[in-house]
Amino acid sequence: MAGRILVLNTGSSSIKYELVDTGSRARPARGLVERVGEEHGLLTHHPGVGPPYRRAARFPGHGEGLAAVLAAFEAAGPELDPVAVGHRVVHGGTRFAGAVLVDDAVIKAIEELAPLAPLHNPVNLAGIRVARKAFPGVPQVAVFDTAFQLTLTPAAYTYAVPRDWRERLGVRRFGFHGTSCAYVSRRAAAFLGRDPAGLNLVVLHLGNGASATAISGGRSVDTSMGMTPLEGLVMGTRSGDVDPALGGYLARVDGLDAREVEEALDRHSGLLALTGTGDMREVRARDDPEAELALEIYTRRVRKYVGAYYALLGRVDAVVFTGGVGEHDAATRAAALAGLDRLGIAVDPARNEAASTAERAVSPPGAEVAVLVIPTDEEGEIARQALALLAAS
């Protein structure tokens, strides 16, 4: 199929978008809306030809942010006439093992799964609804973050909870960041010149949301996020792992209900709770004990998961950093892997701190375990999956 695919990656506090040419794989336009829902939002639109178009404004919700994206194309170009629109959707449960054409039934299913990803599925749906109105008759394709993680075995996805919860209510581990993991694991194999079938990887997607995934032979075998994206690593606004008894304790001693606890753990915890900001760049810029403790907590949790996944896999060929923090924060990479030298895992300070946006190794030359930085390309992966689906339709 010739033409251009508009990819919308609507995150919890941002909207990334790219226009991908299906023939040349060029990117005629791309952009980012940052800090959706906050006081000082920013849209940066790169039209490919000419200077960037920027708009500083408050975007109260994702609907307003997406409307601003469409307005940016009108103001700065290029012409927006996509043959399809690809959407990142976080939670597909066990219903969606791959990309699907969006129809009313798919929208209903995504809505029904929203309680499992309350920060994401609703805003993913906002992108789908705006795009359907803006481009009537244009195929809309949903690509699910959970799809890559559906290779987890029962031993990996089963929680030790009552049978009724598991069988009637579908309580299990799902895992997320699958679109990123699919792309990054494939690129890591290419970088190393290895067949993906023979590689064991630990992929660390560190951004506002953060996860660790153990991958063997191109398949996910374990991952830190669980039934929802709340479990696992410390994140921008999410707590990650806490004692499951916490909710009951807070209900008894402070009268909080389940919704209040969930809201606090999802939206008001993580780096935000520890420092007052969920932005790692702002935490790094500070020089105070509160920020230092937050950074130690954050990197300690990452290190625990790397060690656990090393034990689970038995052999690790590479640890791969990706996501906004993983790609750009050398200090986090170094601290997260500190003390793992006995496992053959280390970073080379000069390589690690060198400014670069390219795929690269930051481990010492000849290291037993390669430490790689692979910039993720979720938008490109969504376009690839959308194109494959449309070609097969």
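Start with the labels: helices are DSSP runs of H or I with at least four residues, strands are runs of E with at least two, and both are numbered from the N terminus. Now the ground rules. This is a predicted model, where local features need pLDDT of at least 70 and side-chain atom pairs count only at pLDDT 80 or more, while totals for chains, interfaces and linings use all residues. Residues are numbered from 1 along each chain as its sequence is written, and side-chain values use heavy atoms, with hydrogens and water left out.

First, two loop residues. Arg25 is found in the loop between S2 and S3. Its phi is positive, about 65°, although Arg25 is not a glycine. Buried or exposed? For this we say buried under 20% relative accessible area, exposed over 50%, and partly exposed in between, with a 1.4 Å probe and protein chains only. Arg25 has a relative accessible area of 49%, so Arg25 is partly exposed.

Next, Arg35. This residue lies in the loop between S3 and S4. Arg35 also is not a glycine, and has a positive phi of about 60°. Its relative accessibility is 32%, so Arg35 counts as partly exposed.

One more backbone item. Gly77 and Pro78 are joined by a cis peptide bond, with omega about 0°. Pro78 sits in the loop between H1 and S6.

On to the sheets. Two strands pair if DSSP finds at least two bridges between them. S3, residues 29–34, and S4, residues 41–46, are antiparallel and share five bridges. Which residue in S4 is the bridge partner of Leu32? Thr44 is.

Eight strands make an open sheet, in the order S5-S4-S3-S2-S1-S6-S8-S7, and the pairing is mixed. S5 (53–57) and S7 (100–101) are at the edges with a single partner strand each, so each has one side left without a neighbour in the sheet. What packs on this sheet? H15 does, touching S1 (4–10), S2 (14–21), S6 (84–89), S7 and S8 (140–144). Contact here means heavy atoms within 4.5 Å. The direction of H15 makes about 130° with that of S1. Axes are lines fitted to C-alpha atoms, for helices over the stretch in contact, and angles run from 0 to 180 degrees between N-to-C directions.

Look at S14, residues 370–373. Both of its faces are covered: Ala370 and Leu372 are buried on one side, Val371 and Val373 on the other. In general, side chains of a regular strand alternate between the two faces of the sheet. S12, residues 318–322, pairs with S14 in the parallel sense over four bridges. Val320 stands opposite Leu372, and Val319 has Val371 as its bridge partner. S13, residues 360–361, runs antiparallel to S14, and two bridges join them. There, Ala361 has Leu372 as its bridge partner.

Last, two helix pairs. H1 (residues 62–76) and H3 (residues 121–134) have axes that come within 9 Å and cross at roughly 40°. That makes H1 oblique to H3; under 35 degrees counts as roughly parallel, over 145 as roughly antiparallel, 65 to 115 as roughly perpendicular, and the rest as oblique. Which residues of H1 meet H3? His62, Leu66 and Leu70 do, against Val123, Ala126, Gly127, Val130 and Ala134.

The other pair is H11 (residues 289–313) and H13 (residues 330–337). They pack at about 50°, with axes 7 Å apart. So H11 is oblique to H13. Tyr298, Thr299, Val302, Arg303 and Val306 in H11 meet Thr332, Ala335, Ala336 and Leu337 in H13.
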